[in-house]
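Have the sequence and the model open side by side as you read.

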Amino acid sequence: MKNNAMVINRETAMSFWKKSFGKASKVKDFAGREMMKGAYNDRHSAYGWNLDHILPQSKGGKTTESNLICCHILTNDEKADKFPCFSANGKQFEIVKVENHYEIKEINKKPNKGEVKSNDNNDVNFYDSAAGISFYKTSKGFQNKPIFVGIVVIELNDIKDTAIIDFISEIYSDKSFSYKYSYRKTTITIKDYNMPNKADNADLLDRCILLNTYLAHYFLPLNIVNDYNIYYGVHTDKNKLDCLCACNEYSYNTQCPLIINELVKINTEANQKINNNDYIGRDKLNYNVYRYNYIYTKLAENLKKSIK
């Protein structure tokens, strides 16, 4: 990793997350605590995380990629500026120097007697009848609980280069996709059928802001698209089938490039940024809709430089 000093903010943290974990939206930190990408710096979330200095700043540690690590906020609080040894989540760790950087190593990591390695992916072996039937019976207990479905509808007018479709697909690569083309307009509908936490809402909103930044400051100036709209809404229903079969296209006709609905607003930081003037009506599922035309400023500046 490069050792250039960096500024820690949400934008750089998201970039660091991608370098560390790729497309994963939920991972465990070195102490075993679960983190969710959208819960950056959120102390109210059970999955909140931030960037921590491996070698504490009080001990000379620099704010560089090689000295930063994504960790749960509770883990960060427990580690604090302790050096070289500290405990976190009931485990013992040591900060050791490896070549020209520092790493965190667990001390005396031994498996418990009879411990079996867990399967973090929770894969079900359906070739095992007992496992398959057990999964079905367990699932039956969740059918009457409300579920939350996130829907992003992206409308692109007059695409000049279809590589933009691959670009958008990569940003939302872990979601469900459908495509439609009609009258020079390409509509991409993206769904996430399991969004029970605020962190899920925030993660998808971050991606919409990221796409909005690229469309506004790179693809639009280069005439790769003539116009666009991004709609992001969350839908919930006690009936699972009704929720899963919710309308695929329920965007709102507006000139604002990025809009969100009520459930996104109240479950993300957008709740503090939106005012009464941002309300523009209701979507096809009767949720309030708001303008939320935000971009990542530093990224926008770099994109402008790239097309000069």
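## Terms and model

A residue is called buried when its relative accessible area is under 20%, exposed when it is over 50%, and partly exposed in between (1.4 Å probe, protein chains only). Helices (H or I, at least four residues) and strands (E, at least two) are DSSP runs, numbered from the N terminus.

This is a predicted model, in which local features need pLDDT of at least 70 and side-chain atom pairs count only at pLDDT 80 or more, while totals for chains, interfaces and linings use all residues. Residues are numbered from 1 along each chain as its sequence is written, and side-chain values use heavy atoms, with hydrogens and water left out.

## Helix α5

Let us begin with α5, which covers residues 198–219. Its 22 residues reach 30 Å from the first C-alpha to the last, close to the 32 Å expected at 1.5 Å a residue; the expected span is 1.5 Å times one less than the number of residues. Because 17 of the 22 residues are buried, α5 is largely enclosed by the rest of the structure.

## The loop between α2 and β5

Most residues other than glycine have a negative phi, and most peptide bonds are trans. Now look at the loop between α2 (73–79) and β5 (85–88), where Pro-84 lies. A cis peptide bond, with omega about 0°, joins Phe-83 to Pro-84.

Ala-80 sits in that loop as well, and its phi is positive, near 50°. Ala-80 counts as partly exposed because its relative accessibility is 35%.

## The loop between β9 and β10

Tyr-183 is found between β9 (176–182) and β10 (185–192). Its phi is also a positive value, near 50°. With a relative accessible area of 79%, Tyr-183 is exposed.
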